[in-house]
Amino acid sequence: MSTLVAAAVLVAQEAEGEEPSPLFPHLSELIVGLVAFALLFFFLSRTVWPMFERTYAERTAAIEGGIKRAQEAQAEAQRALEQYRAQLADARGEAARIREDAKTQGAAILAEMRRSAQADADRIVERAHTQVAAEREQVVRSLRAEVGTLATELAERVVGESLADDARAQRVVERFLAELEASEAAGPDGARPGAREA
Amino acid sequence: MNAWRTVAMSEEFHAPGPGDFDYPPLFGWFTKPMLIVVLGTLVVGAFFYFASRRASIVPGKLQFAAEGFYGFVRNQIAADAIGREGIKYVPYLATLLAFLVALNISGIIPPLQFPATSKIAIPLFLAVISWVIYNYVGIRRQGFGGYFTNMMFPSGVPPLIYPLLAPIEFLSTVVFRPVTLTLRLTFNMFAGHLVLLLCILGGEFLLLHVRGLVGFSAGAVAILFGIVMTFFEGFIQLLQAYVFVLLSAIYIGGALTHDH
């Protein structure tokens, strides 16, 4: 209110033609100021402010786009990392499985080989046994035939030499045995028991 | 003029007064305040024109400064005082702030050294523009009756207060707001310029005409104080430009919303 009173006083002073009142607007200044402000407003509103508003929006879009791209890149990197980890885990599992397989396979091969070797050995031993038995059979058979013949021959000689002289008979037996031993040295080992039996 | 007067009348000091705000015409009816208005307008227009001529997403220094100014009006003043609708009024508020800053700060720019806004005509027509805008948007938004009803009888107030409140609110909105806008700016600039004149002219008088120990020491203090006051005035000039724009924005924001 006091300012209004002061204004009234100053206007009154102006009217009296004393000091020019600072409260009295000069029409020419009013017009110049209004025109200048109006021109400035229309100029800036036409050219500058829309430009700023546009760059503002573009920058916001660019920043948001940048953030979005960065987020996408991060997600991509995360995916790649997970994929890599999964692949690594797969590879580790695969390696472990291969090692396990190899171990079991090796054991199986070893067991197989051992079994086949055992079978071979068994077969060879079996064949040897069979052969020995067959040879023994053959020898026994041939000895039996020979011992029979020998015994018959010996008996004939003993009887033909006349059994009067013990000493002679003893000699005959000795000779027989020597012959037998000689033939034995030439022939197979199993002859003696056969000869004894005969 | 005043300096000339002090030199001519060496034995007597004339304190600066309202007369120092009346300049003789430079030519015809064109005075120094008008020259400052024209220069300030050209400088503001040229600054923003060159700042925005090659506007890009990554701004240069000039564009950065101009956009900082625009962004300040847009995001600090308009967004806070008006809200989301404030963007519509940013062109007016930004132009207003630039215009006022230029015409205020001319008070401490050496060759001009006169705040054009201390001439009441300038703040007056700007206050009238703000007054027209906020009353117009208020009436358009709330209707003629609604605008004045909401203004004079705000909700949340005991009805007993209304006889007292209604005329105060009416006078405040319709009369006092433009008057206070005008007078606050005009006389802040007026008083600031007067203080600077007093310090500098008084100091000059003391140094040149009083002389002696008292004259030189007091004159030196007065001149130094004048320099300090110049910086202070710069601050006041920026602050008053901001206050004028902020209040205009608040009035517009208030007219757009029902409850105050």
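Predicted model: local features only at pLDDT ≥ 70, side-chain atom pairs only at ≥ 80, totals over all residues.
User: Which elements does chain B contain?
Analyst: Helices (H or I, at least four residues) and strands (E, at least two) are DSSP runs, numbered from the N terminus. The order in chain B is α-α-α-α-α-α-α-α. That gives zero strands and eight helices.

User: Is His193(B) buried or exposed?
Analyst: His193(B) sits in helix α7, residues 162–210 of chain B. Buried means under 20% relative accessible area and exposed over 50%, with partly exposed in between (1.4 Å probe, protein chains only). Because its relative accessibility is 6%, His193(B) is buried.

User: Which residues are in contact with His193(B), leaving aside neighbours within four places in sequence?
Analyst: Contact requires heavy atoms within 4.5 Å. With those neighbours set aside, the partners of His193(B) are Phe21(B), Tyr23(B), Gln113(B), Phe114(B) and Pro115(B).

User: What area is buried between chain B and chain A?
Analyst: The contact involves 33 residues from chain A and 48 residues from chain B. Buried area is the accessible area (1.4 Å probe) lost by two parts on being put together, summed over both. Carbon and sulfur atoms give 77% of the total, which is about 3,600 Å².

User: How far apart are the closest N and O atoms in the salt bridge of Arg59(A) with Glu67(B)?
Analyst: A salt bridge places a side-chain nitrogen of Lys or Arg within 4 Å of a carboxyl oxygen of Asp or Glu. The rule finds three across the interface of chain B and chain A. One of them joins Arg59(A) and Glu67(B), with a closest N and O separation of 2.8 Å.

User: Which helix gives the largest share of the side of chain B that touches chain A?
Analyst: At least two residues each come from α2 (32–52), α3 (61–81), α4 (90–105), α5 (121–142) and α7 of chain B. The largest share, 10 residues, belongs to α2(B).

Notes. Residues numbered from 1 in each chain as written. Chains lettered and ligands numbered in written order. Heavy atoms only, no water.
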